[in-house]
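Biologist: I am new to this one. Could you show me the model, and then take my questions?

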Amino acid sequence: MKILILLVAALSIAACGTSVERVDEDSTIDLSGAWNDTDSRLVAEEMILDVLSRPWILEHSGRTGKRPAVIVGTVRNLSHEHINTSTFVAEMERELVNSGRVDFVASRDERGEIRDERIDQDLNATEATRNAAGQELGADFMLQGQINTIVDAEGKEQVRYYQVDLTLIAMSDNRKVWIGQKKLKKFIKNPKIRF
Amino acid sequence: MTPVVFCALASFQGCAHLQIDQLATELPRSGPEKTLAALEAIHPPDRDMVQYLLDRGLLKIYNGDLAGGRQDLEAAKQLMASLRAISATETLAAATVNETLRKYNGTPSDQVLVHVMLAFGYLFAGDVDGARVEMLQANVMMQQLSEGDSTSGQLASARFLAGVVYELNNELDDAMISYRRAYEIMRERSEAIPSALQVSLLNLSWTQGFHDEYERYATAFGRERQLPTENDGEWILFYHDGVVSNKQESRFTVFAPEIDGLISIAMPKYPSYQYRPRHLSLRSGKQRQRTDIVENIEKRAREDLDEQNAALLAAATARAIAKYQVQKGAAEQNDLSGILATIITVASEQADVRSWNMLPSSIQIARTTTPVHAGAEIVEKNIELPAFREVTDGSHILLFATSLNDRIYTFPPTGLIEKELTPDARVQTVAGEF
């Protein structure tokens, strides 16, 4: 009897321990139904495919003879969840830069640190290695967007509809040269009984 | 009888909520800083974790740790969501021992107020989008909680705050809808409509072109719109007054001659309503605007308990019958077992008096317009506010204050306004002398 009690106690302690398992970064694991890495990846993939297949790049290159320079503006989260929009924006940025067809310039937040460093170089770096002010690449286009959601809930069930809209706007004349949209819809059923 | 004894012992272990209750009672005198330090020394069992996180999160916000407060409240919110499913084991334990063996999951008002407090946490850290997320979630929660004509879980404070957040985002249609709902909820409860809500409804219905609706409000409130000019800025003050009452235990014990022992039923109750609100006022020049109650949390807490009472009483009665059977069985074995069973069953009968008990007694609001170059003052706290244009180029400044200390938050955030009370001064404030 004592052995049985000890066994049950040992098993119950083992069951309470934290377990960690490495999983493939592309695997889909939905826990709460909230926005997660898979949603972020799906949005980035869709947007990248779309933005690279549209005529704005060729049109700009043909007209100026240069790759378009893009700056990331504000991507607002207007959804029902706290979503970090920078994850899929960063993924888009990476894919577009690596495609060799688009240049990205530093965003407003990033520029401050770089300019500080340039001022520091002005004082402390050798003339041969110093980077002068006033040589920055001006952006041709700005990427802006927002995430919106519609949530319908009844009892333990919820339908969540996400819509991600991104727009590329020409800095010269405010023309919208590309509009990307990705929609996701989830049906979430929460359990009625737990242990 | 062994499982009953085991469960009874388990219920005695967790006295963390009693310590938390004590801290909540002393909070007006001790202040949020000392209370937080004492609360952090308590290690509550899992079943009290939601209550603990809610209290700690709110205290952190009062103490200026907005990020820490948000983290705790977010964790509480997620736990509350996971606890909405009915637990088989907790139901069994509650049916045989007492209700405190259930994990605390918050009242309907708590479920909405957690979003309100989180929204304050985001807003006064300068994150309007974060506050907007919380207001959208509060809206979904209130939809889920609405049942027929009941106002359970419908909070005018959440609707008013949502209106303000939408106004900051220039989403005026949504702001109008939120203010309208706040008005409907308060009218449904026959509560006085705060001046700030009246002004919001009058101004927005006029500027949005709903002139018939405007006329209805003007007639109902007996006043006209107060539209700010280009040279005016609007101040909106949120004030948390006092600390909500703790629940108490109400116990009925009767002698049962059949078993020659006692049967006990314990129910939670609130002490009689004695809340006397204190207000703040914003003064600029000759204008003075006093805060009014938009959410009387003392009343919401009592309403939530009233809604629960029938179910709690039925459960307590069923439990008393089950315990009676245990006592009867034990008494039939021998006298000693009978006495032991009586002691355990009576002592294990405890009312669930847990609640989010560091909430304010009321949430109050004021809304006033001043010339952008004029200063203002929070009169009762003797705090001078800088001129509107020193804080923002925008059209609104939001202020947040509590009666528990003299920390003032602003939106947009600024380090310009902060003053801490000395302990002596705090006692005076608590006594209502300001």
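Biologist: How many bridges join strand S3 to strand S4 of chain A?
Modeller: This is a predicted model. S3 of chain A covers residues 141–154 and S4 of chain A covers 157–170. The two run antiparallel. One bridge pairs A:Thr149 with A:Tyr162 in S4(A). The number of bridges joining S3 to S4 is 14.

Biologist: Which strands of chain A stand at the edges of the sheet?
Modeller: The sheet is open, with five strands in the order S2-S1-S3-S4-S5 and mixed pairing. An edge strand here has a single partner, so one side of it is left without a neighbour in the sheet. That describes S2 (103–105) and S5 (176–189).

Biologist: Which helix of chain B lies across S1, S3 and S4 of chain A?
Modeller: The helix spans residues 128–145 of chain B. It runs at about 35° to S1(A). It also gives the most to the side of chain B that touches chain A, with nine residues. The helix is H7.

Biologist: How much area do chain B and chain A bury between them?
Modeller: The contact takes 22 residues from chain B and 17 residues from chain A. Of the buried area, 45% is on carbon and sulfur atoms. The total is about 1600 Å².

Biologist: Which residue of chain B forms a salt bridge with A:Arg194?
Modeller: Two salt bridges are counted between the chains. In the one with A:Arg194, the closest N and O atoms are 3.0 Å apart. The partner is B:Glu90.

Biologist: What is the bridge partner of A:Arg194 in S1(B)?
Modeller: Strand S6 (193–194) of chain A pairs with S1(B) in the parallel sense, over two bridges. Within S1(B), the partner of A:Arg194 is B:Ser87.

Terms used:
Residues numbered from 1 in each chain as written. Chains lettered and ligands numbered in written order. Predicted model: local features only at pLDDT ≥ 70, side-chain atom pairs only at ≥ 80, totals over all residues. Heavy atoms only, no water. Pairing = 2+ DSSP bridges. Helix = DSSP H or I, 4+ residues; strand = E, 2+ residues; numbered from the N terminus. Contact = heavy atoms within 4.5 Å. Axes fitted to C-alpha atoms, helices over the stretch in contact; angles between N-to-C directions. Buried area = accessible area lost by both parts, 1.4 Å probe. Salt bridge = Lys/Arg side-chain N within 4 Å of Asp/Glu carboxyl O.
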